Amino acid sequence: MTVTKRNVVGGSVVTELLKHPHLYHVRAITRDPSKPKAQQLAAQGVELCRADLEGNRETLTAALAGADVIYALTDFWQKRSAAAEIEQGKAIVDAAAGVVTLQHFIWSALPDPVALSDGKYLNVHHWKGKSLVTEYIQTQKPDLWAKTTTILFPNYFENTLTDPQRYLPVKDAKGTYTLKFPHSPQTVLPNVAIRDTGKLVHHVLEARSTYFTKTIAFWAQALSEAEKLAEMGSYYNVPTRYQASSAREFQELLMTRDGMSEDIALDFTEQLLIFESCGNVYACEKFVQAKDSWSEFIREHKLL
C-alpha cells in the first residue's frame, strides 16, 4: 500500500490502514522525510520515500515500485495553480501505470465544474484540474483506468478548525455570531469528517474490483451553512445570524480578509455557487455514506 502526498486526508488513510498490519504495509511519499510529521509516521511503522512530483520523476517511479495499491491525491492550495496540480497528477498517473504489481489505483478527485454547470462556471480551477487528471487516466491510460476508483471529496467539517476565519461565525459587539456565505439559507452542501476518509478507503480496498472504473461521491450529510450555524448556536447557547451575501461581496471578503488573489477568490466563490445553482451535485447513486454527523463533530471540538 502506497499513499502519495502527505496531508490531513492522506494522514487519515494512513491512520486507518495502520490498524490492519496483517493486511497492509504502508509506504508514504514525502518531499522531506526529516520533517516532524514524517518522523511521526516512521515511528508508527510507515515506510517513508522521498519523491519529487514536478522535477525528477525517476524518484516517484522508484517510490511506487512494487506497490499493490496506490492512494493518490494532490493539493491545489499548496501552489494555487491548476497547471501545477495537473502536472503533479499526471506524474503520479504515469508512474502508477508503469507499476507491474499494481492491483488497485485510488484517485482523490473532484467533478468537472464546467460540465456540472452546463458551462456557467468556468473558473473553479481546483475542481477542473483534478477532473482533467481523471480524464487523462480514462483516455490515455486505459489499463490503469480498468483498476481505478475515483473518490469525489466534499466540504469537510474540519474546515472549521483549519480555516476558522472562513468557516466559523464572527462575534459582534452585541454577542451575536454572524456567518456570511453566498448561499440562500436553504442551499445545502455535502459534508463529511476527514477521519472517515480512511474508513472509506479501507472499505473500497476490501471490496476489491467492485469499485473499479466507478466514482464514489463521498459525503455524510447535506447541510446548509445556515443550518450548521443554527446548530452551533443551539449547542453553545449563543445568538446567531446567517447573512447571505452576493457573490461579489463574498469574493471581496475572501480577498480582504483571507488575502486571496482575485482569481483564487473567484475560484472559491464559484465552487459554492455551483451548489446554489445546481443543488447538491453529490446526491447521486454512486456514493458511500459516512457515519459522523455535524452534531457529533461540534460536540467533540471547541469551535466557539
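Residues are numbered from 1 along each chain as its sequence is written, and side-chain values use heavy atoms, without hydrogens or water. Because the model is predicted, local features need pLDDT of at least 70 and side-chain atom pairs count only at pLDDT 80 or more, whereas totals for chains, interfaces and linings use all residues.

Helices (H or I, at least four residues) and strands (E, at least two) are DSSP runs, numbered from the N terminus. In strand S6 (residues 148-152), 5 of the 5 residues are buried, so the strand is largely enclosed by the rest of the structure; buried denotes under 20% relative accessible area, exposed over 50% and partly exposed in between, with a 1.4 Å probe and protein chains only. In a regular strand the side chains alternate between the two faces of the sheet. In S6, Thr-148, Thr-150 and Leu-152 point one way, and Thr-149 and Ile-151 the other way.

Strands pair if DSSP finds at least two bridges between them. Strand S5 (residues 104-109) runs parallel to S6 and is joined to it by 5 bridges, with Trp-107 opposite Thr-150 of S6. S6 also pairs in the parallel sense with strand S11 (residues 215-217), over 3 bridges; Ala-217 of S11 is the bridge partner of Leu-152.

Helix H3 (residues 57-64) packs against helix H5 (residues 82-97) at an angle of about 50°, with the axes 9 Å apart. Axes are lines fitted to C-alpha atoms, for helices over the stretch in contact, and angles run from 0 to 180 degrees between N-to-C directions.
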